[in-house]
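Please examine the model shown below with its sequence alongside.

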Amino acid sequence: MTERPHALFAMSAENVPLVFPPGVLARLRESLDIDPGLVAEDFTDPRITDSLARAEILVTGWGCPRLEPAVLDAAPKLRAVLHAAGSVKGLATPELWRRGISVSSAALANAVPVAEYTLAVILLAGKDFFAARDRLRGERVFPGWGLVPGIGNHGRRVGVIGGSRIGRRLIELMRPFDLVPALSDPYVDTAGAAALGVPLLPLDDLLHTSDVVTIHAPDTPETRHLIGARELALMPDGAVLVNTARGALLDHEALIAELRTGRISAILDVTDPEPLTADSPLYDLPNAVVTPHLAGSQGNEAARLGLAVTEEAERLVAGEELAYPVDHAALAREA
């Protein structure tokens, strides 16, 4: 039997059994020599020094310390970082790529629950679910069986801002429904949008023509407050704004002002700041729904991340190309 390469977990120790439950961990250990009881939460911890020095692979996740040059100096055999979470921006440094160390991320696996959450709230918002729940809770009077005008999902137009992994997955998930998606993304051309089966629109046109606008762009200096007062004013009366990306993409003061008019509504799984201050009007506005960063991998969904990394480890050991490599050149414009 081929000797398994030595590997080390680098993340918050409490996350290891969540991301790598018994079945996934057992499969990972068929490919890697890795000890789930030894987890690097601090690379200066003397308990992990020997393992780090022997490690060919780091299995990273939420809580992994930043991989500074001094850390890499202490890991001379390191050849791959397999990240069991989404973005690697918090831990990766350019030195990784300069040293020829491969980096892989389970971001595509993490995109699945975010896209599912987004689709769910789009469909529920189309049925006026949130407002109807609140009215029924407050009035305790059933409104009757008559048809309710102005609601429903047949032909509802959904504008997707950002052809990210999540944005693309959402477009795919919408196909079985009678929703009409469109995309706005400066890095996607007409042919790329056509391959996704959606029209490509300038941002202003997308905002002006969509019943639902859902944000899936990366958080970069260029996208801060991508949606502000001017952009919100372009949305039609009755439109719904959904944000499951990052709070900084949305000007919250402008959003609060627009919501107070009652003209549009918003569903926010991410905010700026996060968490919101206890006195934020967003908690009380009847046309705002705020959830606590729930869309990403939670509970049993975390195992999907561990499985993605396990499959990458199997490819690596077999001498195959990684399926989810992180391109350093593209990292600046990714989440």
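This is a predicted model: local features need pLDDT of at least 70, side-chain atom pairs count only at pLDDT 80 or more; totals for chains, interfaces and linings use all residues.

With a relative accessibility of 32%, His293 counts as partly exposed.

Asp128 also has a positive phi, near 60 degrees, although Asp128 is not a glycine. The loop that holds Asp128 runs between helix H6 (107-126) and helix H7 (129-139), and Asp128 is partly exposed, with a relative accessible area of 24%. As background to these two positions, most residues other than glycine have a negative phi, and most peptide bonds are trans.

## Cis peptide bonds

A cis peptide bond joins Asp272 and Pro273, with omega at about 5 degrees, and Pro273 is placed in the loop between strand E9 (265-268) and strand E10 (288-290). The peptide bond from Glu274 to Pro275 is likewise cis, with omega near 0 degrees, and Pro275 has its place in the loop between E9 and E10.

## Two buried positions

Thr60 belongs to strand E2, which covers residues 57-60, and Thr60 is buried, with a relative accessible area of 0%. Leaving aside residues up to four places away in sequence, Thr60 touches Ala10, Met11, Val81, Leu82, His83, Ala84 and Leu91.

Gly86 lies in the loop between strand E3 (80-83) and helix H5 (94-98). Its relative accessible area is 11%, under the 20% limit, so Gly86 counts as buried. With residues up to four places away in sequence again left out, Gly86 touches Ser105, Ala107 and Asn110; the C-alpha atoms of Gly86 and Ala107 are separated by 3.9 Å, although the two residues are 21 residues apart along the chain.

## The two sides of helix H2

In helix H2 (residues 22-31), the buried residues are Val24, Leu25, Leu28 and Ser31. These residues cover an arc of only 115 degrees around the axis, which puts them on the same side of H2. In general, an α-helix has 3.6 residues a turn, so residues three or four places apart point the same way.

Which elements do the buried residues of H2 pack against? Their partners are strand E1 (7-10), helix H1 (16-19) and helix H13 (302-317). On the other side of H2, by contrast, Pro22, Gly23 and Glu30 are exposed.

## The chain as a whole

The secondary structure of the chain comes to 14 helices and ten strands. The radius of gyration is 22 Å, close to the 20 Å that the globule rule gives for 335 residues, so the chain is as compact as a globular protein of that length. Along its principal axes, the C-alpha trace spans about 70 × 45 × 35 Å.

Of the 335 residues in the chain, 49% are buried, and among contacts between residues at least 6 apart in sequence, 66% join residues at least 24 apart. The accessible surface of the chain comes to about 16400 Å², with 55% of that area belonging to carbon and sulfur atoms.

Note on methods:
Residues are numbered from 1 along each chain as its sequence is written. Side-chain values use heavy atoms; hydrogens and water are left out. Helices (H or I, at least four residues) and strands (E, at least two) are DSSP runs, numbered from the N terminus. The radius of gyration is taken over C-alpha atoms; the globule rule is 2.2 Å times the number of residues to the power 0.38. Buried means under 20% relative accessible area, exposed over 50%, partly exposed in between (1.4 Å probe, protein chains only). Contact means heavy atoms within 4.5 Å. Accessible areas come from the Shrake-Rupley method with a 1.4 Å probe; for residues, only the protein chains shown count as cover. The arc is that of the directions from the helix axis to the C-beta atoms.
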